[in-house]
Amino acid sequence: MIADDLKSAYRQSMWMLVLRGLFGVALGVFILMRPVESVAVFALVVAFWALFDGFANIMRAFSVRGAAPHWWVLLLSGGISVAFGVTALYDYPALSLSFAVLWTAVWLFTAGAMGIYAALQERRARLPWTWTMVLGVLTVAAGVLAFAYPGITLAWLLGLLAAYGIISGAAMLLGAWKLHSIGRDVDRIVGTPIRA
């Protein structure tokens, strides 16, 4: 019984890695081969993600209403997210793409400001601080540039998504291959095939 459960878990893990790996590589290649269509899909993903996240927060708010005194915060954030998703679909693709650029710029600016603050704290504590300051200033500058040049920011975001898809997909395919070879070794030792 336990052996059957292990065999089933093994098969599911291996095939899920294969499917996720193939999907990641295909997504990365699609973004590189079809950048214009990728921007349109990216805008839809942002809008639908906001809708999904908003509905999930609203449902969670009502489920914790009796236990959490501040359940209304989840309800409010869910409502805002749903409103953004609906508006992003209505004003497709401009609002979603603007949000992605703005979010990236704010993230870089905030991370850079935190880096500068950390460098000042390191300096006050008489620790090495120069590289932390340099990285913080460069990150703030990247945030300003991301806001100033939205087209380039979108291109970088899509490039990062493509690279992530290809690299993570290849890693998952390699993991599936390793899992498959482990299965063969187990077959040889145990004498009963694990593979389907």
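This is a predicted model: local features need pLDDT of at least 70, side-chain atom pairs count only at pLDDT 80 or more; totals for chains, interfaces and linings use all residues.
User: What span should the 31 residues of helix α4 have at 1.5 Å a residue, and how far apart are its end C-alpha atoms?

Analyst: Residues are numbered from 1 along each chain as its sequence is written, and side-chain values use heavy atoms, with hydrogens and water left out. Helices here are DSSP runs of H or I, at least four residues, numbered from the N terminus (strands are runs of E, at least two). To get an expected span, multiply 1.5 Å by one less than the number of residues. For α4, residues 94-124, that gives 45 Å, and the end C-alpha atoms are 45 Å apart, so the two agree.

User: Which residues of α4 are buried?

Analyst: Go by relative accessible area with a 1.4 Å probe, protein chains only: under 20% is buried, over 50% is exposed, and in between is partly exposed. In α4 the buried set includes Ser-96, Leu-97, Ala-100, Val-101 and Thr-104. Further along, Ala-105, Leu-108, Gly-112, Gly-115 and Ala-119 are buried too.

User: What about the backbone around that helix? Which residues does the cis peptide bond join?

Analyst: Most residues other than glycine have a negative phi, and most peptide bonds are trans. Here, a cis peptide bond links Tyr-92 to Pro-93, with omega about -5 degrees. Pro-93 sits in the loop between α3 and α4. Just after α4, Arg-126 takes a positive phi of about 60 degrees, although Arg-126 is not a glycine. You'll find Arg-126 in the loop between α4 and α5 (130-148). With a relative accessible area of 77%, Arg-126 is exposed.

User: How do I read the nonpolar core? Which residues have the most contacts inside the largest one?

Analyst: In soluble globular proteins, nonpolar side chains tend to be buried together. A core here is a set of buried Ala, Val, Leu, Ile, Met, Phe, Trp, Tyr and Cys residues joined through side-chain atoms within 4.5 Å. The largest has 15 residues, with Phe-42, Phe-84, Leu-97, Leu-154 and Leu-157 making the most contacts inside it. Helices α2, α3, α4 and α6 each give two or more residues to this core. The largest share, 5 residues, comes from α2.

User: And Trp-156: is it buried or exposed?

Analyst: Trp-156 is exposed, at 59% relative accessible area. This tryptophan is found in helix α6. From Trp-156 to Ala-146 is 10 residues in sequence and 9.4 Å in space, C-alpha to C-alpha.

User: On to pockets. What is the volume of the largest one?

Analyst: On a 1 Å grid over the protein atoms alone, with a 1.4 Å probe, a pocket is an open set of points with protein on both sides within 12 Å along at least five of seven lines; lining residues have an atom within 4 Å of a point. The largest pocket has about 620 Å³. Its lining has 22 residues, and Phe-42, Val-45, Val-46, Ala-100 and Leu-161 lie nearest its centre. Helices α1 (2-33), α2 (35-63), α3 (71-90), α4 and α6 (150-190) each give two or more residues to that lining. Helix α2 gives the most, 8 residues.

User: How much space lies in the second largest pocket?

Analyst: About 180 Å³. Its lining residues include Arg-20, Phe-23, Leu-161, Tyr-164 and Met-172. Helices α1 and α6 are the elements giving two or more residues there, and α6 has the largest share, with 5.

User: How many salt bridges are there?

Analyst: The rule asks for a side-chain nitrogen of Lys or Arg within 4 Å of a carboxyl oxygen of Asp or Glu. The count comes to 1. Arg-34 pairs with Glu-37, their closest N and O atoms being 3.4 Å apart. Arg-34 is partly exposed at 44% relative accessibility, and Glu-37 is partly exposed at 36%.

Key. Grid points are joined across faces, edges and corners, and a volume is the space filled by probe spheres set on the points.
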